[in-house]
Amino acid sequence: MKKSINTRLKHSSKDQLNRSANPPVVRASTILFDSMQELAAHEKKIINRKRITHYNYGRYGSQTTIELENIIKDLEEAYHVFLTPTGFGAVSLCLMALCRPGDEVLVSDNVYNPTRELSSNLFPELNIKAIFYDPNDINDLKKKISNKTKLIFVENPGSITFEFQDLNEIIKIAKKRKIYTALDNTWGTPLYLKPIPLGFDLSISSATKYFSGHSDAMGGTLAVNKNVYKKIKFYNRFLGTRLSADEAYLIIRGIRTLDTRLKAHYENTLKVIKFLKTQKKIKEILYPHKPGSKNFKMWKKYYSGGTGLLSILIKSKNKASVIKFVNNLELFGIGYSWGGFESLAIYQDIKKSRDFYKLSNDEHLVRLHIGLEDPNDLINDLKNSLKFIK
Ligand SMILES: Cc1ncc(COP(=O)(O)O)c(C=O)c1O
């Protein structure tokens, strides 16, 4: 029987041996073989193309991590998936595996800070040049391509300022010039956007966010097509990192309900946005919610759903009062990350960090993650706290 991905997420990775609905947590360094011949045969056949099944040492996986790889491979419709200990590990694996001294990398100017810092601070030490392009202007991207461009790295949408780019255009430009393309797809998840079938070479997700969904695990996934598989595998082998079986188990447990949770995040977000739109202190809501806007059109064109992360632009001459608004929220925790069950808020000081996005001194950006609480409670919380803004 043909089953949809939402059904497959529920029924994958059963433990046939123990008749359990979930896979065992296999904590292993040494994997035992019956003979040297069997060990050697295993080494030759790490990958079976339909399902990833082979591992011969704990650093390369255990039954639990291999189950997760197979779930993500299915979800991403990818050639292969590499698991990393954090989402940022997947970003750095992608960048470091593909770029070499003398190369240039085009990075969308709306990437989140660690990706920006790796590009701006580490790359120069390796004689790799990162060039930031305006995510609102495809011509800026075209202008900045040279015969040294190795990779175009896109975060879509930018997870602080929420620009949605024309992804097909980027792929078209890159393919013509034989440039690799990578997409940080953490916001939309491969449930709502599948970068690999669309034409990207690499698709990144922080599994810490919506995949695990419970703010208690960290991990990353780097899905790849055949074009880059060998390069990523080569570099990954020398990095020596791995995802632990315990984290993999928590991510498998979370991902079973990805579809249900994302729908609830989205419904709550729309209700909160409806309220935010009525608030005079809020100048702009950064989320694809305005049907006529470019961001909305691009979101509709590529995504089959929306999630719970957005930003609000607040107009105030008094920065301290905006901070007071954040501090006085009762249900929105103050902290990094997002994608868990709970609501979060954070003041983002981006005045100096990006060229394409200029805020004046009386504009302030607060990022909100809309969790799975009762949306009326979230709205009341925001209403009470917005009073602090002067
Ligand atoms: C867009 C985006 N990509 C990647 C990451 C990295 O994920 P992790 O925190 O799991 O390292 C984050 C984390 O905030 C993120 O927001």
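Guide: A term to begin with: a cavity is a set of points on a 1 Å grid over the protein atoms alone where a 1.4 Å probe fits but cannot get out, and its volume is the space filled by probe spheres set on points joined across faces, edges and corners. The model is predicted, with local features needing pLDDT of at least 70, side-chain atom pairs pLDDT 80 or more, and totals for chains, interfaces and linings using all residues. Numbering runs from 1 along each chain as its sequence is written, and side-chain values use heavy atoms, without hydrogens and water.

Visitor: How many cavities of 30 Å³ or more are there?

Guide: The whole structure has 2.

Visitor: What lines the second largest cavity?

Guide: The lining (an atom within 4 Å of a point) includes Leu309, Arg367 and His369. Strand 11 (344-348) and strand 12 (363-369) each give two or more residues to this lining; strands are DSSP E runs of at least two residues, helices H or I runs of at least four, numbered from the N terminus.

Visitor: Now the ligand. Which residues come nearest?

Guide: Of 14 residues around the ligand (a heavy atom within 4 Å), Gly87, Phe88, Asp184, Thr208 and Lys209.

Visitor: Which polar side-chain atom lies 2.6 Å from a ligand nitrogen?

Guide: One of Asp184. Polar contacts here are N or O pairs within 3.5 Å.

Visitor: Which elements give two or more residues to that shell?

Guide: Helix 4 (87-98) and helix 10 (207-211).

Key:
A polar contact is a pair of N or O atoms within 3.5 Å; within protein, one must be able to donate a hydrogen and the other to accept it, and residues adjacent in sequence count only if both atoms are side-chain atoms. On a 1 Å grid over the protein atoms alone, a cavity is a set of points where a 1.4 Å probe fits but cannot get out, and a pocket is an open set with protein on both sides within 12 Å along at least five of seven lines; lining residues have an atom within 4 Å of a point.
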